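This report goes from the whole chain down to single strands and their partners. The sequence and the model come first.

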Amino acid sequence: MSDVKKSGTVYYVDSAAAAGGDGSKEKPFAKINDAAAIARPGDEVLVAPGIYREWVCPKNAGEEDAPISYRSEQPLGAIITGADPITGWTKHEGNVWTVRVNNSIFGEYNPYKEYVCGDWYFAPTVRHTGSVYLNDVMMYETVTLDECIAGEADSNAWNHEESKLKWYTEQDGDETVLYANFGGLDPNEEKVEFSVRRNVFMPSENGINFITVSGFVITKGAPTWAPPAAYQDGLIGPHWSKGWIIEDCEVSNSRCCGISLGKYRDLENDMYFYTKQVKSPTQMERDAVCRGQYHGWLKENIGSHIIRRCHVHHCEQTGIVGRMGAVFSTIEDCHIHHVCNSQQLGGAETAGIKLHAAIDVTIQRNHIHNCIMGVWLDWEAQGARVTRNLMHDNQRPKDSTEAKGAMFSTDVFIEVGHGPTLIDNNILLSKVSITIPSEGIAVINNLIGGSFSLINSGVDSIVNNQREPRYTPYHIRHRTEVAGFMTILHGDDRFYNNIFIQNQPVENDSLTAADAAYEVVGTAPFDIFPTYDEWIAQFDFSKEPDMGALATAHFGHLPVWVGGNAYFNGATVCKHEKDMLVDSENKAYAKIVVDGDSYSLDTNLISLLGDYKNKIMCTEDLGRAFEPEQRFESPDGSDIIFDTDYFGNKRESSSIPGPFAAADAESIKLV
């Protein structure tokens with residue numbers, strides 16, 4: 001993708017301008033959408049600081065060498081919001097106030113009539129897509145007015161104090177009635193807003209390609225629940241297109257998703273299970289993949305987006321979501337935090353980053369914390385690479401209870417994929433670090449302070465007293481075209497040159513590695529898989545092949561490879577590993593220290609490694625992921641040499657395990 005832009009017209013926008021402007025510097029538009037209606041390839045829309053209460057809906061696509069650019073004149077100075085101020089509150093009872101709004105303000109989409117619901121939504125269908133905000137804090141919706149009046153803390157919420165701020169809604173004729181408990185504050189003296197627009201910056205049509213959005217605050221919208229086979233919307237997103245760049249933006253306070261790289265609307269398959277129920281939800285996902293091919297899901301048409309240096313926070317489904325539309329994309333240098341913390345919504349699509357079909361997607365140098373999950377790559381993470389990220393505290397606080405429909409927590413979740421998927425040079429310090437009911441995973445040079453979970457689990461179901469496998473696709477290498485479908489055999493994983501430290505105490509020793517919340521750190525859960533020599537011995541190539549006799553091998557576990565890892569504080573060791581460092585004498589520690597916006601790692605691990613070093617791993621060392629028969633390589637097919645550490649520093653010909661090439665201090669500044 002070229003960063004060179006053909007010269008074009010510059011359109012100026014200023015929220016303080018008079019209506020009727022022509023977009024010139026002397027007479028700017030007052031609305032960004034006025035420029036979005038006419039901007040053509042190579043044009044730039046330059047937006048002055050101010051608040052823009054509108055849905056920006058680009059009408060025209062850019063071109064690869066002539067994108068249409070939307071830029072905030074001052075970084076984060078232009079605020080595009082899906083919310084409007086709401087005034088005229090009158091006292092109802094106690095700390096609760098009320099106000100009425102004529103429904104004409106909403107047009108065809110009233111967020112206070114629309115519910116959050118649909119496929120893969122597991123929480124009760126009682127929350128609306130709208131929200132009320134007090135001083136930029138999203139308040140908590142209640143099911144009854146009495147609950148709103150009581151204003152009690154929600155035990156499920158990750159922030160109990162914020163959860164006392166309640167709101168409730170009902171319809172009365174052509175009016176939406178809102179009640180809100182502002183905790184003793186007078187809403188007529190505070191900043192109170194309510195979301196009135198579904199999206200903030202998103203085309204209504206497919207194929208609006210090559211758009212750059214730079215330097216805006218994007219906030220407070222009312223998008224719907226975004227499951228994978230349905231249309232996925234968010235505050236901002238390309239809506240099934242190619243070549244968007246979203247950079248240096250702050251995206252926050254979405255009722256559901258912040259940035260959507262997701263799926264188009266397919267009327268025949270949209271919310272299929274929720275509305276029709278006659279096919280299993282897994283089957284409709286397979287249908288969606290194949291129907292996507294028919295509807296133009298090709299490398300030439302879809303994906304190749306860049307999300308960089310964005311601050312994404314306080315969204316209640318995902319920070320970044322995408323089904324099929326994120327292929328060949330890069331998400332880098334973003335700060336993503338406090339996602340799905342209210343616990344008012346629940347289901348299988350909640351994470352800081354949640355992607356289906358992350359084909360050749362690179363997720364690098366991001367800081368992801370205090371989310372229900374860090375990164376969740378579901379189905380077809382083929383060629384995906386999660387590298388040089390900092391993830392921590394992606395787990396429910398101890399004083400919060402588990403909400404109905406809530407998912408478990410982990411830093412990285414790779415679900416029912418066939419690989420190859422790379423997890424390298426990350427710092428993973430949540431209680432569960434990596435969840436892999438998958439195969440074809442390579443875990444290299446990470447600092448891992450939490451467990452592996454859902455090992456040999458989390459894939460198939462027993463229905464009608466028989467096993468019902470979950471077949472998922474794999475693809476032509478570095479393409480979207482489907483090459484085949486297969487269930488998950490488990491195994492086919494590689495673990496090299498990592499540091500494992502039991503960084504948090506085991507509180508529930510009754511769990512096993514087959515459980516999502518397993519707490520024991522280390523590689524012992526992979527004892528159940530064969531070595532390569534044990535696996536290949538099942539196939540006697542000197543004899544005529546016997547299909548029936550080989551069925552047990554064809555549907556048995558795949559091998560694992562383990563070596564060069566370091567283990568501390570009792571972290572367990574796979575029985576297949578021969579070359580490792582096990583320190584059973586010293587107490588190791590690795591703790592994140594926060595100082596304002598700065599995050600450091602306080603650790604003695606580097607000193608405890610001593611002189612223990614290993615060879616630098618590369619693509620040739622890792623072989624091929626079994627089902628797609630694809631190497632662990634770059635999206636362009638070139639080799640990867642793992643000689644660059646978390647900071648981008650080069651490793652020597654041999655290197656210590658973990659994400660750092662070297663360190664000479666116990667406090668390492670990370671962000």
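The accessible surface of the protein chain is about 25,300 Å², and carbon and sulfur atoms account for 48% of that surface. Accessible areas were computed by the Shrake-Rupley method with a 1.4 Å probe; for residues, only the protein chains shown count as cover. This is a predicted model, in which local features need pLDDT of at least 70 and side-chain atom pairs count only at pLDDT 80 or more, while totals for chains, interfaces and linings use all residues. Residues are numbered from 1 along each chain as its sequence is written, and side-chain values use heavy atoms, with hydrogens and water left out.

**Whole chain**

Of the 671 residues in the protein chain, 61% are buried, where buried means under 20% relative accessible area, exposed over 50% and partly exposed in between (1.4 Å probe, protein chains only). The C-alpha atoms of the chain fill a box of roughly 80 × 60 × 55 Å along the principal axes.

Among contacts (heavy atoms within 4.5 Å) between residues at least 6 apart in sequence, 70% join residues at least 24 apart.

**Strands and sheets**

The protein chain has eight helices and 53 strands. Helices (H or I, at least four residues) and strands (E, at least two) are DSSP runs, numbered from the N terminus. Two strands pair if DSSP finds at least two bridges between them.

| Strands | Sense | Bridges |
|---|---|---|
| β29 (residues 385-387) and β32 | parallel | three |
| β32 and β35 (residues 441-444) | parallel | four |
| β12 (residues 166-172) and β13 (residues 175-181) | antiparallel | seven |

Strand β32 covers residues 421-424: Thr421 and Ile423 point one way, Leu422 and Asp424 the other way, and all are buried. Leu422 in β32 is the bridge partner of Arg385, and Asp424 has Ile444 in β35 as its bridge partner.

Strands β12 and β13 belong to an open sheet of five strands with mixed pairing, in the order β7-β8-β13-β12-β11. Its edge strands, β7 (90-93) and β11 (140-141), each pair on one side only. Thr169 stands opposite Leu178 in β13.
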